Amino acid sequence: MKEQVLITQLRITKAGQVKHFQVKLPKNAKRIIGIEVGGRLIKTPKTDGTTGADGTVIGVTPKEEQIAKQ
């Protein structure tokens with residue numbers, strides 16, 4: 001049995017964005033062994049300047065701020 005790896009790249013541009021996708025499998029594929037998902041931050045998000053107890057800067061988007069108020 002031969003194993004093959006398929007790689008599909010998707011660009012997520014907004015926090016909370018949902019993106020549906022399909023991956024074409026070879027016709028002779030019998031099973032999927034696993035799915036791996038990874039991410040990489042390309043741009044540093046804007047922060048509101050709040051600093052956490054451990055010294056990290058906390059960023060809150062306007063949408064998250066609105067949800068937190070509810």
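My entries below go from the whole chain down to single residues.

**Entry 1, the overall layout.** I noted at the start that this is a predicted model. I looked for helices and strands and found one helix and two strands in the chain. Following the sequence, I read their order as β-β-α.

How much of the chain counts as buried? I found 0% of the 70 residues in that class. I also looked up the accessible surface of the chain, which is about 7900 Å². Carbon and sulfur atoms hold 53% of that area.

I took the contacts in the chain with a separation of 6 or more and asked what share joins residues 24 or more positions apart. The share is 10%.

I came across a nonpolar surface patch of about 830 Å². Its members are L6, L10, F21, V23, L25, I32, I35 and V37. L10 has a relative accessibility of 42%, so I wrote it down as partly exposed, between the cut-offs of 20% and 50%.

Where does K24 sit? I found K24 in the segment before β1, a strand that covers 50-51. Is K24 buried or exposed? Its relative accessible area is 80%, and exposed means over 50%, so K24 is exposed. Last, I checked K24 against L6: they are 18 residues apart along the chain, and their C-alpha atoms are separated by 8.9 Å.

Key. Residues are numbered from 1 along each chain as its sequence is written. This is a predicted model: local features need pLDDT of at least 70, side-chain atom pairs count only at pLDDT 80 or more; totals for chains, interfaces and linings use all residues. Side-chain values use heavy atoms; hydrogens and water are left out. Helices (H or I, at least four residues) and strands (E, at least two) are DSSP runs, numbered from the N terminus. Buried means under 20% relative accessible area, exposed over 50%, partly exposed in between (1.4 Å probe, protein chains only). Patches are made of residues with over 30% relative accessible area and no salt bridge: like charges are joined within 9 Å, nonpolar side chains (Val, Leu, Ile, Met, Phe, Trp, Tyr) within 5 Å. Accessible areas come from the Shrake-Rupley method with a 1.4 Å probe; for residues, only the protein chains shown count as cover. A salt bridge is a side-chain nitrogen of Lys or Arg within 4 Å of a carboxyl oxygen of Asp or Glu. Contact means heavy atoms within 4.5 Å.
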